[in-house]
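Have a look at it first, then go through the points below.

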Amino acid sequence: MSTPEPPPQPPQQPPGAPPPYPPPYAYPYPPPSPPTNGMSIAALVVGIVGACNPIGVLALIFGYIAKRQIEERGEQGRGFAVAGIVLGWIGLASIVFWILYMVFVLSVWVPFVSEMSDPDTWPTPEPTEIVRLVSR
């Protein structure tokens, strides 16, 4: 009977070198992350698109709904919801600004136009004065 041969040994590595392959237990799978709330994504998109028009008010609505759903369901997307809310408030402020701007412009423009359209307010120069102005 012959003596059994010892099992083959792996090649020797210098001391302190990492093993040639990671142990199977060293890299566990990460736990699955919760899904992202769809309303928060909608709030962000509508907030970006409606930053300077009336659609931005929808970003406020979607953002506040998304924040409530995220707290209840434990989903992700709180940052998207907050960004949508901020952009919605910016959109609302821009709407208010433009309304006030148009009221101001119309309050200045309408009296100006009505004054200019009244022929009695326009001074008409004498024909000799026109000739003198043109000949300069």
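1. A quick word before the details: this is a predicted model. The charged contacts in it come to three salt bridges, and I take them one at a time.

2. Let me begin with Arg78 and Glu71, whose side chains meet in a salt bridge at 3.7 Å, N to O. How accessible are the two partners? Arg78 has a relative accessible area of 42%, so it is partly exposed. Glu71 comes out at 60% relative accessibility and therefore counts as exposed.

3. Next is the pair Arg68 and Glu72, a salt bridge with the closest N and O atoms 3.8 Å apart. Both residues belong to helix α2, which covers residues 56-73. Arg68 and Glu72 are four residues apart there, about one turn of the helix.

4. Glu72 has 59% relative accessibility, which puts it in the exposed class, because the cut-off for exposed is over 50%.

5. The remaining pair is Arg73 with Glu75, another salt bridge, where the closest N and O atoms are 3.9 Å apart. That still counts, because the cut-off is within 4 Å. Arg73 has a relative accessible area of 53%, so it is exposed.

6. If you want a place to start checking, which arginines are partly exposed?

Definitions and conventions
Residues numbered from 1 in each chain as written. Predicted model: local features only at pLDDT ≥ 70, side-chain atom pairs only at ≥ 80, totals over all residues. Heavy atoms only, no water. Helix = DSSP H or I, 4+ residues; strand = E, 2+ residues; numbered from the N terminus. Buried < 20%, exposed > 50% of the residue type's maximum accessible area, 1.4 Å probe, protein only.
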